[in-house]
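Work through the exercises below with the model open beside you. Each task is followed by a solution in steps.

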Amino acid sequence: MDWIVKLAEGFIGMFEKGGETFIGMLTEIVPTLICLITAVNAIIKLVGEDRIQHFAQKCTKNIILRYSVFPLLAVFFLTNPMAFTFGKFLPEKQKPAFYDSAVSLVHPITGLFPHANAAELFVYTGIAAGITQLDLSLGPLAIRFFIVGMIIILIRGIITEKITTKMMKNQALKVEPN
């Protein structure tokens, strides 16, 4: 019978810990998110949406910028999932690669800029909980996630663009009459 009591206590304990985590997020993270979202919206209004769009079009001309700076700006300013709308500045053949880059950045950016993808905070805070229990700073973790994320999105973007171009050429050959 003792094992049933321990099982029941463990089961309810899991929800108690979840409640503690939720209250912690509500009192610490939510106010930070509100301030960050307000700041980002203010920057967009101050700079002007037209200027941001013009800058985005310039970024897409260079393959390195297209799959590094461009997805970073999209995720930072528009957040997930609106960031993917930045693909409208790209030709069809580059849209899959942009999406691949942007979607691959929404987790690594969360440690430095939690407003970019609030849904990913649960993943990041879960990882960060282990670091904070060791009395270590979260800064180095967030920076490492971000740097590795930027490298990965660049590689993924370039490779996906090459694959997409090859597939489109192959499809065009199949469609052409003999």
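**Exercise 1.** Find which helices each supply at least two residues of the lining of the second largest pocket.

Solution. Step 1: the helices in question are α2 (49-59) and α4 (69-78); helices here are DSSP runs of H or I with at least four residues, numbered from the N terminus. The model is a predicted one, in which local features need pLDDT of at least 70, side-chain atom pairs count only at pLDDT 80 or more, and totals for chains, interfaces and linings use all residues. Residues are numbered from 1 along each chain as its sequence is written, and side-chain values use heavy atoms, with hydrogens and water left out.

Step 2: list the lining, which consists of I44, E49, I52, Q53, F77, L78, T85, F86, K88 and F89. A pocket is an open set of points on a 1 Å grid over the protein atoms alone, where a 1.4 Å probe fits, with protein on both sides within 12 Å along at least five of seven lines; lining residues have an atom within 4 Å of a point.

Step 3: α2 gives the most, with three residues.

Step 4: sort the lining into six nonpolar, two polar and two charged residues. The volume of this pocket, the space filled by probe spheres set on the points, is about 160 Å³.

**Exercise 2.** Decide which residues of α2 are buried, and what they pack against.

Solution. Step 1: I52, A56 and C59 are buried, meaning under 20% relative accessible area with a 1.4 Å probe and protein chains only, while exposed means over 50%.

Step 2: seen down the axis of α2, these buried residues fall within an arc of 60 degrees, so they line one face of the helix. The arc is taken from the directions from the helix axis to the C-beta atoms.

Step 3: the face turned away from the buried side of α2 carries the exposed residues D50, R51 and K58.

Step 4: the buried residues of α2 pack against α1, α3 (63-66) and α4, contact being heavy atoms within 4.5 Å.

**Exercise 3.** State the volume of the largest pocket and describe its lining.

Solution. Step 1: the volume of the largest pocket is about 360 Å³.

Step 2: its lining has 16 residues, and E28, I29, Y124, T125 and L138 lie nearest the centre. The elements giving two or more residues to this lining are α1 (2-47) and α6 (121-133).

Step 3: by type, the lining of the largest pocket holds eight nonpolar, seven polar and one charged.

How values were computed
Nonpolar A, V, L, I, M, F, W, Y, C, P; charged D, E, K, R; others polar.
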